[in-house]
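This report walks through one protein model for a reader who has not seen it before. Please keep the sequence and the 3D view at hand while reading.

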Amino acid sequence: TIRRLRKWLTLIGARELRGRGKGSHQRWKLPDGSDVGFATSAGFLLPPEAGQLAAALGLGKSALFDLVAQMKPLALP
């Protein structure tokens with residue numbers, strides 16, 4: 001869910017960019033400084049946005065979903 005994703009993003013050190021999203025969208029700054037955005041209206045992360053977020057983090061979509069589901073931080077190289 002979007003709620004769980006937001007908690008996980010906070011866990012990994014990302015922060016919400018308040019006022020940067022429009023309507024039912026949010027923008028977040030990732031720990032590496034890059035920005036990502038996603039819609040919140042569906043209540044879950046949509047596939048195209050999941051792919052963009054995963055790519056920004058250097059992950060595959062399934063790895064992203066696993067980390068969020070288990071609330072595990074990113075493994076550092």
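Directly after α2, glycine 58 adopts a positive phi of about 75 degrees. Helices here are DSSP runs of H or I with at least four residues, strands are runs of E with at least two, and both are numbered from the N terminus. The model is a predicted one, in which local features need pLDDT of at least 70 and side-chain atom pairs count only at pLDDT 80 or more, while totals for chains, interfaces and linings use all residues. Residues are numbered from 1 along each chain as its sequence is written, and side-chain values use heavy atoms, with hydrogens and water left out.

Glycine 58 sits in the loop between α2 and α3. With a relative accessible area of 66%, glycine 58 is exposed; the cut-offs are under 20% for buried, over 50% for exposed and partly exposed in between, using a 1.4 Å probe and protein chains only. Between glycine 58 and isoleucine 2 there are 56 residues of separation in sequence and 20 Å in space, C-alpha to C-alpha.

Which residues of α2 are buried? They are Glu49, Ala50, Leu53, Ala54 and Leu57. Looking down the axis of α2, these buried residues fall within an arc of 135 degrees, so they line one face of the helix. The arc is taken from the directions that lead from the helix axis to the C-beta atoms. On the face of α2 turned away from the buried side are the exposed residues Pro48, Gln52 and Ala55. The cover over the buried residues of α2 includes α1 (2–11), β2, β3 and α3.

## Helix packing

Contact in what follows means heavy atoms within 4.5 Å. Axes are lines fitted to C-alpha atoms, for helices over the stretch in contact, and angles between N-to-C directions run from 0 to 180 degrees.

The axes of α2 and α3 cross at roughly 90 degrees and come within 8 Å. This makes α2 roughly perpendicular to α3. By the convention used, angles under 35 degrees are roughly parallel, those over 145 roughly antiparallel, those from 65 to 115 roughly perpendicular, and the rest oblique. On the α2 side the contact involves Pro47, Ala50, Gly51, Leu53, Ala54 and Leu57, which meet Lys61, Leu64 and Phe65 in α3.

α1 and α3 also pack at an angle of about 90 degrees, and their axes are 9 Å apart. These two helices, α1 and α3, are therefore roughly perpendicular to each other. Arg4, Leu5 and Trp8 of α1 make the contact with Leu64, Leu67, Val68, Ala69 and Gln70 of α3.

Methionine 71 lies in the segment after α3 (61–70). Although methionine 71 is not a glycine, its phi is positive, at about 55 degrees. The relative accessible area of methionine 71 is 27%, so this residue is partly exposed.

## The sheet

Strands of a sheet pair through backbone hydrogen bonds, in either a parallel or an antiparallel way. In this model, an open sheet of 3 strands runs in the order β1-β2-β3 with antiparallel pairing. Its edge strands are β1 (15–16) and β3, each of which pairs on one side only. Two strands are taken to pair if DSSP finds at least two bridges between them.

β1 and β2 pair in the antiparallel sense over 2 bridges, and arginine 15 has lysine 29 in β2 as its bridge partner. Strand β2 (residues 25–29) and strand β3 (residues 35–39) pair in the antiparallel sense over 5 bridges. Here lysine 29 has aspartate 35 of β3 as its bridge partner. The hairpin formed by β2 and β3 has 5 residues between the strands, and glycine 33 in the turn has a positive phi of about 100 degrees. Helix α2 (residues 47–57) lies across β2 and β3 and runs at about 160 degrees to β3.

## Salt bridges

Side chains of opposite charge can pair when their charged atoms come close. A salt bridge is counted when a side-chain nitrogen of Lys or Arg is within 4 Å of a carboxyl oxygen of Asp or Glu. This rule gives 2 salt bridges.

| Side chains | Distance, N to O |
|---|---|
| Arginine 18 and glutamate 16 | 3.7 Å |
| Aspartate 35 and lysine 29 | 2.9 Å |

Arginine 18 is exposed because its relative accessibility is 70%, whereas glutamate 16 is partly exposed at 25%. Aspartate 35 is partly exposed at 32% relative accessibility, and lysine 29 is partly exposed at 24%.
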